[in-house]
Amino acid sequence: MSDPGNYAGNTDRSIGQLVAAATAEMSALVHDEIALAKAEVRQDAKRGAIGSIAFVAAGVFALFSIPVLSFAAAYGIHNLGLGLAWSFLIVGGAFIALGLLLAFLGIRKFKKVKPPEKSIASAKQTAAVLQNAKPHPRPSVEAAAIIERSGSSLAKGVEGGTGRDNGTAVARSST
């Protein structure tokens, strides 16, 4: 293996310079990864749009074929020796029967739909855990100190401009 400190680009850089270089390289890597992800998503979106258009076109052609096939079925039944009116009534009745059958199947499937019990239970469990969680302790910043740092004229009115009142000073000294 080669010595990592003995490569052509090494000119005894400081730790700060090394950290800055690593940060810049990491930033460039993240930007490149984002650009790659955008390109892939864009390509997949184009493919999805073309596929959707193809399905819509197929649906339109299938929809347009229904009347033609209905007339063909009616005239086919008429050629078997039945009257033309009876042939069209048979085809219409077949469509009504098919519609009723599909409606019945749809109603049966809708009755089987239940609320997402596992998701609800998981959400309730998560809510219970989060209710018992305590927030991460954060250092308290006094309002007077914030006002004083902002340069506001209100800072002068709090304990002669010190930014502390006696209550917080006593509280901090006792803890």
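Reader: Is F71 buried, exposed or partly exposed?
Author: This is a predicted model, so take every value as computed. F71 is partly exposed, because its relative accessibility is 46%.

Reader: How many aromatic pairs does the whole structure have?
Author: Two aromatic pairs turn up in a search of the whole structure. F71 and F88 make up one of them. Their rings sit edge-to-face. The centres are 5.4 Å apart, and the planes make an angle of 75°.

Reader: Which helices do F71 and F88 lie in?
Author: F71 is in helix α1 and F88 is in helix α2, so the pair ties together parts 17 residues apart in sequence.

Reader: And F88, is that one buried, exposed or partly exposed?
Author: F88 is partly exposed, because its relative accessible area is 31%.

Reader: What does Y75 form with F88?
Author: Y75 and F88 form an aromatic pair, edge-to-face again. Here the centres are 5.8 Å apart and the planes are at 80°. Y75 lies in helix α1 and F88 in helix α2, so this pair ties together parts 13 residues apart in sequence.

Reader: How accessible is Y75?
Author: Y75 has 41% relative accessibility, so it counts as partly exposed.

Reader: What do the ring pairs link together?
Author: They link F71, Y75 and F88 into a cluster.

Reader: OK, let's zoom out. How many helices and strands are in the protein chain?
Author: Five helices and zero strands. Along the sequence the pattern reads α-α-α-α-α.

Reader: What share of the residues is buried?
Author: Buried residues make up 5% of the 175 in the protein chain.

Reader: Which of them could I look at? Is S70 buried or exposed?
Author: S70 is buried, because its relative accessible area is 14%, and the cut-off for buried is under 20%. S70 sits in helix α1.

Reader: What does S70 touch?
Author: S70 touches V91 and F95, leaving aside residues up to four places away in sequence.

Reader: V91 again, then. How far apart are A73 and V91?
Author: In space, A73 and V91 are 6.9 Å apart, C-alpha to C-alpha. In sequence they are 18 residues apart. A73 is another residue of helix α1. It is partly exposed, because its relative accessible area is 34%.

Reader: What about contacts across the chain? What share joins residues at least 24 apart?
Author: The share is 13%, counted among contacts between residues at least 6 apart in sequence.

Reader: Which residues make the nonpolar surface patch?
Author: V56, V60, F61, L63, F64, I66, F95, L98, L101, L102, F104 and L105 make the patch. It covers about 1,200 Å². Helices α1 and α2 each supply at least two of its residues.

Reader: Pick L98. Where is it, and how accessible is it?
Author: L98 is in helix α2. It has 44% relative accessibility, so it counts as partly exposed.

Reader: Switching to charges. How many salt bridges are there in the whole structure?
Author: The search finds one salt bridge. The side chains of R47 and D44 meet in it, at 3.6 Å from N to O. Side chains of opposite charge can pair when their charged atoms come close.

Reader: Where do R47 and D44 lie?
Author: Both lie in helix α1. They are three residues apart, about one turn of the helix.

Reader: Last topic, confidence. What is the average pLDDT?
Author: The protein chain averages 79, and 70% of the residues score at least 70.

Reader: Where is confidence highest, and where is it lowest?
Author: Helix α2 (residues 84–111) is highest, with a mean of 94. Helix α5 (residues 166–174) is lowest, with a mean of 47.

Reader: Over which residues does pLDDT stay under 50?
Author: Over residues 163–175. The model has 14 contacts beyond four places in sequence for that stretch. Where pLDDT is low, the predicted coordinates should not be read in detail.

Key: Residues are numbered from 1 along each chain as its sequence is written. Side-chain values use heavy atoms; hydrogens and water are left out. Helices (H or I, at least four residues) and strands (E, at least two) are DSSP runs, numbered from the N terminus. Buried means under 20% relative accessible area, exposed over 50%, partly exposed in between (1.4 Å probe, protein chains only). Contact means heavy atoms within 4.5 Å. pLDDT is the predictor's confidence in each residue, from 0 to 100. Patches are made of residues with over 30% relative accessible area and no salt bridge: like charges are joined within 9 Å, nonpolar side chains (Val, Leu, Ile, Met, Phe, Trp, Tyr) within 5 Å. Accessible areas come from the Shrake-Rupley method with a 1.4 Å probe; for residues, only the protein chains shown count as cover. A salt bridge is a side-chain nitrogen of Lys or Arg within 4 Å of a carboxyl oxygen of Asp or Glu. Rings of Phe, Tyr and Trp (its six-membered ring) pair if their centres lie within 6.5 Å; planes under 30 degrees apart count as stacked, over 60 as edge-to-face and the rest as tilted.
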